[in-house]
Structures are given as C-alpha cells and as structure tokens.
Amino acid sequence: QGSRIDAIRAMEADTGMPTCILADFQGPKFRVGLVEDGVVVQAGSHIVFDMKTETGNATRVGLPHPEIFKAMYPGARLLMDDGKLVFKVVKIDDANFTVEVIVGGPLKSNKGVNLPDIILDTNPLTEKDLNDLEFALRKGVDWVALSFVQRVNDIVAARTIIGKQAAIMAKIEKPAALDDLHNIVDAVDGVMVARGDLGVELAPEEVPGIQKEIILKCRQAGKPVIVATQMLESMIETPSPTRAEASDVATAVFDGADAVMLSAETAVGSYPLETVNIMDRIITSAENHIKIHPGDGPQNLRSENFIYNAVSRSAVSLAESVNAKAVVAFTASGNTAYRMSRERSNLLLVVMTPEIKVKRKLSLLWGACPFFSKVQGYEAAIQEAREIIKIQKFAKEGDNIVVVAGMPFGIS
C-alpha cells in the first residue's frame with residue numbers, strides 16, 4: 001500500500017492535479033470459523049453457534065466473537081454470506097445460541113455475518129485498524145473511512161485518535177446508524193452511502209430512498225457524500241455496464257452526491273480502465289442533462305438563518321444573474337468551499353487555499369477545483385486567481401467571476 005500511495009503522490013506532482021487519498025478501514029467484520037466442505041443447510045433445520053474453534057458442520061458452527069453473544073436475544077436475525085443465508089435465534093444458553101434456518105443453502109468457512117437487529121458494543125477501529133491507521137496517517141492520507149459505524153459515539157472515539165491528522169468519513173452500512181444519522185452527520189467530515197452491507201441488512205427496496213435521504217442530509221449540513229458499492233458491478237467481468245447500472249450512477253448525480261465510487265470493478269475487475277472511462281462519461285452526461293433541465297438535478301435546500309450559508313447562496317445567485325463563469329472562494333480551512341458546494345450550482349467553484357492538505361481534501365468536494373495559493377493580500381490573490389482561471393481555460397478575458405473572501409483578507 002505504501003508504494004501505491006507514493007505512486008499517487010508522484011503522479012500528483014507530475015500532473016499538478018490535486019489528488020485525495022481515502023484510507024478505507026475494515027472495521028469490526030464478523031465471520032464464522034471453519035466449516036466442513038459440502039455442508040448445505042435446509043430451511044426449518046436448527047444450528048448451534050458457539051465460540052469453539054473446532055471445525056463446524058450442519059448442526060454446529062463456531063462464531064469467535066464474544067460481543068455477539070453478549071448482545072444476542074431470541075428473535076434476532078443473523079445473515080450470512082452477503083444475505084444468502086438467513087437465520088433466526090430461537091434459544092440462548094450460557095455459551096451458545098440456537099438458530100432456525102429461514103433461508104438455507106451452502107454453508108462455507110469464514111463467511112461474513114451481518115446482524116441487522118443488534119447494536120454491538122464494539123469499537124469502530126479494531127486492533128488491525130489501529131495498526132493500519134498508524135501507517136496511513138504516517139503516509140499522509142487525506143481521509144479516513146470508518147466501517148460499520150453504528151452511533152455518534154463511534155465517531156467521537158475515532159476522533160480522539162485521529163484528531164486533525166485526517167478528515168473522517170462515516171460509512172453508513174448499518175441500520176442502527178440510520179437511527180442516529182443526524183448526530184453522525186454533524187460529527188463527521190463526510191459520509192459514504194455504503195450500499196453493499198446496507199443492502200444486505202435492509203430490504204433492497206428501502207435502499208434507494210435511504211440513499212436520497214442521506215445525500216440530502218449531508219448537503220444540508222455542508223458535508224461531502226459518496227455513493228459506493230456495486231455501481232458498475234457487471235464490469236468486473238464484462239467491458240460494458242448494464243443499462244440499469246448506468247441509470248444508477250446517473251441517479252446519484254441527479255440526487256446531488258459529491259462523488260461516486262468504484263470498488264471491485266477497479267480492485268479486482270478485468271476492465272478497470274474501461275470502467276473508469278464509462279463512469280466518467282455517465283457522470284458528464286448526467287451533469288450536462290442537469291444544465292439543460294435544472295429541475296432534474298439536486299433539489300433546492302431549505303433556507304437557513306445562518307450568515308455563512310446566506311453569503312454562499314447570494315454569491316451563487318449573483319454569479320448566475322451576471323452570467324459569471326466561476327465563483328472563486330478563498331479559504332484556509334475549507335469551510336467556505338463546503339458552504340459554496342452545498343448549493344450545487346452549475347457554476348465552476350475555484351477554491352484558493354494556502355494549505356496543501358486542505359487542497360487535497362477538497363478535491364472530493366462537488367464541483368470544486370482547488371488550487372494552492374501562498375499570495376498575501378486581497379488584490380494579489382485576486383490577480384493570481386484570474387491568472388489560474390485563464391491558464392486553466394475556465395474563462396477568458398472579459399468574462400465575469402464572483403469572489404467570496406473574508407474582509408480584512410485572511411480573516412474568517
């Protein structure tokens with residue numbers, strides 16, 4: 001992983017393109033132990049789960065996670081192998097519990113277990129994660145993604161370790177997180193709609209509506225939001241996506257997501273370059289559609305009596321009124337850029353910042369083109385922004401731009 005990070009940073013230096021690196025941590029993933037080959041369980045049969053390490057069979061399976069046994073109760077569901085197997089707890093003893101098989105099938109070693117009905121007393125950063133985190137922070141990653149977040153306390157616990165060394169992204173993939181979504185969004189720097197495990201633990205028909213709800217909450221809070229998992233899944237093995245997958249990517253754009261994310265398609269797929277290319281084409285097409293049909297794009301946010309959001313909204317309105325080619329935001333912390341981005345205007349957002357880490361972090365933000373600036377003084381900074389805009393061909397001589405900055409310059 002270290003060589004990959006070094007390669008990304010080298011390409012960033014060669015191209016001048018700010019590149020954001022997100023370290024996605026495994027989190028408390030639960031798995032069964034070893035199981036004999038060829039075991040198939042039938043609906044209506046019963047299985048005992050315990051914490052023993054002996055190889056399991058059709059009637060007994062090891063589950064070496066004491067936190068599950070502490071929280072288990074009759075009636076709770078267990079899902080295994082991405083939801084292919086479904087069990088319901090019928091009896092609890094001191095050292096084991098018994099389940100009835102609701103949906104049967106092949107039962108294999110080391111398969112993942114999902115527990116949609118239970119809030120577990122776990123730390124979002126496992127011992128493995130903590131070792132990985134130390135390495136990732138040392139390498140200067142920009143974002144840290146926490147898996148299986150259940151409540152806002154998970155974010156607070158991680159923040160005490162990470163501090164301001166990297167921005168924190170909560171992966172929403174547990175039903176429990178939806179119950180505390182408002183507090184989680186407030187506590188993190190960004191959110192990922194991780195539809196893989198979320199789609200296992202919830203009914204499939206619920207996920208699209210939840211995706212829209214999460215995106216809207218993040219926009220309202222001014223926090224970037226990623227839509228991830230199974231976006232172009234068929235391209236793991238084929239050179240073109242299904243029409244449904246193309247529609248799925250476009251829908252995330254229409255809903256107002258900051259970013260869409262590829263997973264297995266580029267990690268282990270046979271057509272990684274083709275996948276990135278087609279996803280880019282779908283995004284571009286969807287954004288062009290929104291420019292022609294604004295009503296199909298992200299919905300307008302409710303008005304808030306908050307001066308920073310009022311300034312952002314006014315700047316966008318002014319820019320649209322005078323047919324400006326871009327809005328320029330000067331920011332040291334990135335907060336101005338977040339507030340501008342939440343408006344989801346069709347205007348280009350040029351962000352000027354004196355902090356290299358902020359520049360990288362903001363490359364995830366919707367519509368933002370961040371640039372590094374160490375110029376002192378308002379007039380000099382404006383001139384630098386104009387030159388960058390001309391060099392990048394964002395606008396030409398005579399075009400209007402709208403500037404948002406603190407006055408006196410450099411003061412929030």
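Residues are numbered from 1 along each chain as its sequence is written, and side-chain values rest on heavy atoms, with hydrogens and water left out. Because the model is predicted, local features need pLDDT of at least 70 and side-chain atom pairs count only at pLDDT 80 or more, while totals for chains, interfaces and linings use all residues.

**The sheet**

Strands (E, at least two residues) and helices (H or I, at least four) are DSSP runs, numbered from the N terminus. An open sheet is formed by 7 strands in the order β2-β10-β6-β7-β8-β4-β5, and its pairing is mixed; two strands pair if DSSP finds at least two bridges between them. At the edges stand β2 (30-31) and β5 (60-62), each with a single partner strand, so one side of each is left without a neighbour in the sheet.

| Strand pair | Direction | Bridges |
|---|---|---|
| β6 (residues 77-80) and β7 (residues 85-92) | antiparallel | 4 bridges |
| β4 (residues 46-50) and β8 (residues 96-103) | antiparallel | 5 bridges |
| β4 and β5 | parallel | 3 bridges |

**Two packed helices**

Helix α9 (residues 243-255) packs with helix α11 (residues 272-292) at an angle of about 45°, and their axes are 9 Å apart. These axes are lines fitted to C-alpha atoms, for helices over the stretch in contact, and angles run from 0 to 180 degrees between N-to-C directions. The two helices α9 and α11 are therefore oblique to each other, a term for angles that are not under 35 degrees (roughly parallel), over 145 (roughly antiparallel) or 65 to 115 (roughly perpendicular).

On the α9 side, Ala246, Val249, Ala250, Val253 and Phe254 meet Met279, Ile282, Ile283, Ala286, Glu287, His289 and Ile290 in α11, where contact means heavy atoms within 4.5 Å. The residues of this contact of α9 with α11 divide into 10 nonpolar, 1 polar and 1 charged; Ala, Val, Leu, Ile, Met, Phe, Trp, Tyr, Cys and Pro count as nonpolar, Asp, Glu, Lys and Arg as charged, and the others, Gly among them, as polar.

**A buried residue**

Gln220 has its place in helix α8 (residues 207-221), and at 11% relative accessibility Gln220 counts as buried (under 20% relative accessible area, with exposed over 50% and partly exposed in between, for a 1.4 Å probe and protein chains only). Not counting residues up to four places away in sequence, Gln220 touches Leu301, Arg302, Glu304 and Arg342.
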